[in-house]
Amino acid sequence: MSQKFRRIGVLTSGGDAPGMNAAVRAVARAAIQKGVEVVAIYEGYKGLITENLKVIGNRDVSNILNVGGTALYSDRCLEFKTEEGMQKAIDTCKKYEIDGIVAIGGDGTFRGATDLSWRGIPTIGIPATIDNDITSTDYALGFDTAMNTVLGLGDKLRDTCESHARCNVIEVMGRNAGYIALQTGIALGASAIVLRECDFDEAAALEKIKASKAEGKRNFIVIVAEGVPDFAEGFAKKIQAETGIETKFCRPAHIVRGGSPTLRDRLIASQYAEKAVELLLAGKSDVVVCMRDGKIVETDISYALILDRMYKGTLKEGDLDKFTPEQVEAMKAFCAMRDAEFKEMYALSDLISH
Ligand code: ADP
């Protein structure tokens, strides 16, 4: 272990996600086992500005492994983005002798991690967002739990739809991404899935529902991603009008953010945390821990953020300038692979939704 790391901080920031607590616990335990003190920083980056932090021991992270939300609380701290706020955060790190930080959150959190790293506080990111919309990683903490919550709700709606020969349109979270909608749609046997990433043929979907009804199908579930604005409720009305099937609308909203994390979220949180501590103590900085093909790897945050923008079509002028042509090609190939994976799964959902 590098002599440099006597004390590290851990924080959760941005949108909360089940599994964050499991990650905090494992960061703390892994670091303490390696002889490093751990400081819990509360309310995300805000805690560095308000000095809301304390040294914790093994027992301070007891009984949080199985709990949703985040015991360290979270905050969307705008002040941290200002020069004054950032300087205050750095001063706090110096005052409390915090030699490095593990920051658990989404892409906003990673931008903050980069800012800290560049100013001399090595910071490692752990991806956590129920939306799973961080392009550089196959998996972000919270996704599995959120999907299982949607699955539970959808199964219940299916029961009652079957009894009454009804349809239920469910709008699910995911910000601009359709991962939750796509995977829960397949698992719920949805008659249609509507999301931004794939074209939706509304007329064909209505015809398909009518044809299934004619065959004797009684329950219909339609999943709409929240990233498709002002659509779901109106579509429920349209289904009823065009097919004659009584159609209800349901928006579980923030219910899917909470709840006890699944095995997958607890397990991957623990693995990500161990890797993050290992990287930090090995002198790494400004990287995010990622899952690729079942392996836990590290990615430079600058690379991860630009890859994300490329995939989401939000690249700004000059974004690619600092990368080699080979890196840019690799990014393009990666985005094409993600896109193909998504479209393949969407085609599957369409194939079997009759
Ligand atoms: P998420 O991490 O889930 O994407 P946010 O985008 O809200 O959530 O970001 C979480 C926090 O990270 C913000 O409240 C802010 O404190 C910090 N942050 C976000 N963007 C930046 C940035 N460009 N520079 C520095 N800090 C940032």
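Modeller: Contact means heavy atoms within 4.5 Å. With that cut-off, and leaving out residues up to four places away in sequence, G68 touches P18, N21, G259, S260 and P261. This is a predicted model: local features need pLDDT of at least 70, side-chain atom pairs count only at pLDDT 80 or more, and totals for chains, interfaces and linings use all residues. Residues are numbered from 1 along each chain as its sequence is written, and side-chain values use heavy atoms, with hydrogens and water left out.

Stay with G68 for a moment. Its place is in the loop between strand 3 (53-56) and helix 3 (83-95). Helices (H or I, at least four residues) and strands (E, at least two) are DSSP runs, numbered from the N terminus. G68 is 54 residues from G14 in sequence. In space the two are 15 Å apart, C-alpha to C-alpha.

N63 is placed in the loop between strand 3 and helix 3 too. Its phi is positive, near 60 degrees, and it is not glycine. Most residues other than glycine have a negative phi. N63 is exposed, at 68% relative accessible area. Exposed means over 50%, buried under 20%, and partly exposed in between (1.4 Å probe, protein chains only). E51 also has a positive phi, about 60 degrees, without being a glycine. E51 belongs to the loop between helix 2 (46-50) and strand 3. It is partly exposed, with a relative accessible area of 25%.

Now the ligand. Which residues come nearest to it? Of the 16 residues around the ligand (a heavy atom within 4 Å), the nearest are R76, C77, G106, D107 and T109. In the side chain of T109, an N or O atom is 2.5 Å from an oxygen atom of the ligand. In the side chain of D115, an N or O atom is 3.0 Å from a nitrogen atom of the ligand. G15 uses its backbone: an N or O atom there lies 3.3 Å from a ligand oxygen. The ligand alone exposes 550 Å², and the protein buries 86% of that. Those areas come from the Shrake-Rupley method with a 1.4 Å probe; for residues, only the protein chains shown count as cover.

T109 leads on to S13. The two side chains make a polar contact of 3.0 Å. A polar contact is a pair of N or O atoms within 3.5 Å; within protein, one must be able to donate a hydrogen and the other to accept it, and residues adjacent in sequence count only if both atoms are side-chain atoms. S13 sits in the loop between strand 1 (7-12) and helix 1 (20-33). It is buried, at 5% relative accessible area. Beyond its neighbours within four places in sequence, S13 is in contact with M20, G44, Y45, S74, D75, I104, G105, G106 and T109.

A23 touches I104, L141, A269 and A273, neighbours up to four places away left out. A23 counts as buried, at 0% relative accessibility. A23 and L141 are 118 residues apart in sequence, yet 8.8 Å apart in space, C-alpha to C-alpha.

Next, helix 5 (residues 143-164). Its 22 residues reach 31 Å from first C-alpha to last, close to the expected 32 Å. The expected span is 1.5 Å times one less than the number of residues. Its buried residues are F143, D144, T145, A146, M147, V150, G154, L157 and C161. They pack against strand 6 (166-172), helix 6 (179-187), strand 8 (220-225), strand 9 (246-250) and helix 9 (263-281). A165 follows helix 5, with a positive phi near 55 degrees.

Last, helix 8 (residues 232-243). Its 12 residues should span 16 Å at 1.5 Å a residue, and the end C-alpha atoms are 16 Å apart, which agrees. A232, F235, A236, I239 and T243 are buried in helix 8. Down the helix axis they fall within an arc of 105 degrees, so they line one face. That arc is taken from the directions from the helix axis to the C-beta atoms. An α-helix has 3.6 residues a turn, so residues three or four places apart point the same way. K237 and A241 are exposed on the other side of helix 8. The cover over its buried residues includes strand 6, helix 7 (202-215), strand 8 and strand 9. G244 follows helix 8, and its phi is positive, near 80 degrees.
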